[in-house]
Amino acid sequence: MSESLALKVRDLDIFYKDFQALWNVSLEVREGKIVSVIGANGSGKSTLLNTISGLLDPTRGTIELFGERIDGLPPHETVPRGVTLVPEGRRIFPRLTVYENLVMGSYTPRRRSKREETISKAYELFPVLNERHDQMADTLSGGEQQMLAIARAMMSEPKLILCDEISLGLAPVIIKDIYKRLGQINQEGITIVLVEQDVKRSLKAASQAYVMLEGKIVLEGQPSSLTEEQVKNAYFGI
Amino acid sequence: MEDLLQPMLNGLLLGGLYAVIAIGMTTMFGIVKLVNLAHGDLMILGSYLSLVLVSWLGFNPFWTLLAVVPVMFFVGFFVQGFLLNRVLGKEMEPPLLVAFGLSIILQNLLLLIFTPDARSLMTDLSIKTIPLGGSVNLPVLYFVDFLIGCAVILVLHLFFKNTYIGRAIRAASDDEIGARLMGINTKNIYAYAMGIAMMTAAVAGVLVGMTFTFYPHTGPQYLIIAFGVMIIGGLGSMKGCLVGGIILAEAQLIGAQFAGPGYQLLIGYLVLLIVLGVRPQGIFGKV
C-alpha cells in the first residue's frame, strides 16, 4: 500500500431478517480524502454507514479502519478507534443544552480530559453554536441543529467522519455554509464519507464517488471522470 | 382553621418522604420507559438491610445509610444489567413481567428470612416534637424525612446536570441511537441509572422504616404511592415528583382531618383521579 487506507469495506452483506439490504458492497476510502456515496432513497447508503459505525452487524464481509478490523464492534468501540457517524435526522439531544450535546460527543474516556479544548475548536468552526451554548438544542433552527450534529461528532476527535444526508431539508445558503465547514474539517486531515441525495453538491466536494442502487454499488470513479449520463443511468438503474 | 394547620404541616413533610419514595421510579420511567413494578419491594429490601445492621451491630438507622445505599446501588446495577436489559427494547410487556416476577421473589424471600412480623427501625427521633406555638407541633422525624427527601432530589438533580454519567443518562433518554453513536454504551448506562434509582430507594427504605412499620409485603403499598406521585407530578419529572408527593400527602392528611382517618387513602386517590381527568400528563408532564 503506497497511500494508507482510512476505510476498507469488503464484500459486505447485510440482512434485515429475510430482506437483504446490502449485496457484496466493497469500498475504499483513502486517508484525507472526501468520498461521496450517492443513490436514491432506499438504495442502502444509510445501511452502509450504520454498519461501519457499528449500529448494525454485517452478515458477511469485513470492515477495516486504518488496517484494523472493526466489523461487528458496537459504536462504543468504534468511536474510540476514530470513526464517528453524523446520523440521518441529526439525532441531537433535544433536552440537553448545546454545550451538553457537545460534552456528550467527548464521552469516551480518553477524550474527556481534552474536552474544553475541543469544545472551543468546535465553537471556532461553528460560531453560532457558541452564541447558543446555553440553549436547549431543540430551540435551534434546522441548520444550526445540523451544525451541532457535526460539531458533536467532531468532539470525539475522529479520523474518519461519516455524514448521512446532512443537507436534507436545509436551505441552499445553509447547505453551502455547511459544506464550506466540511472543507475546513477535511483540511485538518480528517477523512470524510458523504452520503447524499444531493448528487451535484456531493460530487463537487468529493475526490471519489460511489453510486448505489438497490443495495449494490453500481458505479465508482473520480467525479471528474464520470459523465452526467453515466451517473444518471447508475442512479436510476437505466 | 386552627385544626387544619397540623395536618397541613404533616402533609407537607410527608410529601418530602413520598417524593423520595417515587423519585427512583419516576427517573427510571423517564429514562428507560421502564415501569419498575418491583420498586416498592426493592425499597423495603433497603429497610430490611438497614434492620439487619441495626439489630446485629446496634447502629443508629441513620448510620446504616452509609452501607445500605451503596449495597442497593449494586443491587440495582445487577437487576438492570442482568435481568431487565435482556428484555429491553422488545415490547412493553417483557420488562413489566420481569419486574413483577422480581417483586414476588423479593416478597417471598423477605418472608422466608424475616418472618411476617411487623418491623420498625427505632430511633429516638420518632417521639420528639418541637412546639411551634398554638397547638401546632413539628414532628422531628417527619421533618428529617422531608429534609433528606429534598436533599436526595437536589443531589440527583445536580448529578444529572453536571456529571458525565448523569448527562449520558439524559442523552440516552432523549435519543438512544444518538447516544450510542457518541460512544455511549447505553445498556451500561441503564444499569447505572437503575443503580442510582436504587440508591434513592435505599434512602426511602430507611426513612420509611424509621417512620412507619414494615412487613415483607409492604412494598406494593409504596409502589402505589410512587405511582400516585408520578402521575400527579408528571411522568419522568423530578420537580413534579416533589410537588406530586406534597399534593398526595396533603390530600391524604387534610382529607383524613375532614372525613376521618378511614378515608385517608381514598381521598388521596380521588385527587389522583381529578388530576388524571383535568391534566392527564401530570402537573409538570410533557404532552
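In this predicted model, A:L65 stands opposite A:E68, a residue of strand β5 of chain A. The two strands that meet here are β4(A), residues 60-65, and β5(A). They pair in the antiparallel sense, over two bridges. In general, the strands of a sheet pair through backbone hydrogen bonds, and the pairing can be parallel or antiparallel.

The pair belongs to an open sheet of four strands in chain A. The order across the sheet is β2-β1-β4-β5, with antiparallel pairing. Strands β2 (19-30) and β5 (68-69) lie at the edges. Each edge strand pairs on one side only.

Most residues other than glycine have a negative phi. A:D11 is not a glycine, yet its phi is positive, about 50°. A:D11 lies in strand β1(A), which spans residues 5-16. It has 13 C-beta neighbours inside 10 Å and therefore counts as partly exposed. A:N24 also is not a glycine and has a positive phi of about 50°. This residue is found in β2(A). With 14 other C-beta atoms within 10 Å, A:N24 is partly exposed.

Chain A meets chain B through 23 of its own residues, which are in contact with 15 residues of chain B. On the chain A side, two elements give two or more residues each: α2 (75-78) and α3 (98-105). Helix α3(A) gives the most, with four residues. By type, this side of chain A divides into 13 nonpolar, five polar and five charged residues.

Chain B contains 11 helices and two strands. Along the sequence the pattern reads α-α-α-α-β-β-α-α-α-α-α-α-α. The radius of gyration of chain B is 19 Å, close to the 19 Å that the globule rule gives for 287 residues, so the chain is as compact as a globular protein of that length. Taken along the principal axes, the C-alpha atoms fill a box of roughly 60 × 50 × 35 Å. Of the 287 residues in chain B, 52% are buried. Residues 24 or more positions apart account for 75% of them.

Nonpolar side chains tend to be buried together in soluble globular proteins. Here the largest nonpolar core holds 159 residues. Within this core, B:I21, B:A22 and B:A193 touch the most other members. Helix α8(B), residues 186-211, supplies the largest share of the core, 18 residues. Leaving aside residues up to four places away in sequence, B:A193 touches B:T27, B:M28, B:I31, B:V32 and B:I169.

Helix α9(B) covers residues 219-233. From first C-alpha to last, this helix of 15 residues reaches 21 Å, close to the 21 Å expected at 1.5 Å a residue. Of its 15 residues, 11 are buried, so α9(B) is largely enclosed by the rest of the structure. Among the buried residues are the glycines B:G219, B:G228 and B:G233. Others include B:Y222, B:L223, B:I225, B:A226 and B:V229. B:M230, B:I231 and B:I232 are buried as well. The residue that follows α9(B) is B:G234, and its phi is positive, near 110°.

Terms used. Residues numbered from 1 in each chain as written. Chains lettered and ligands numbered in written order. Predicted model: local features only at pLDDT ≥ 70, side-chain atom pairs only at ≥ 80, totals over all residues. Contact = placed C-beta atoms within 7 Å. Nonpolar A, V, L, I, M, F, W, Y, C, P; charged D, E, K, R; others polar. Pairing = 2+ DSSP bridges. Expected span 1.5 Å × (residues − 1). Buried ≥ 20, exposed ≤ 12 C-beta atoms within 10 Å, placed from the backbone. Rg over C-alpha atoms; globule rule 2.2 N^0.38 Å. Core = buried A, V, L, I, M, F, W, Y, C linked by C-beta atoms within 7 Å.
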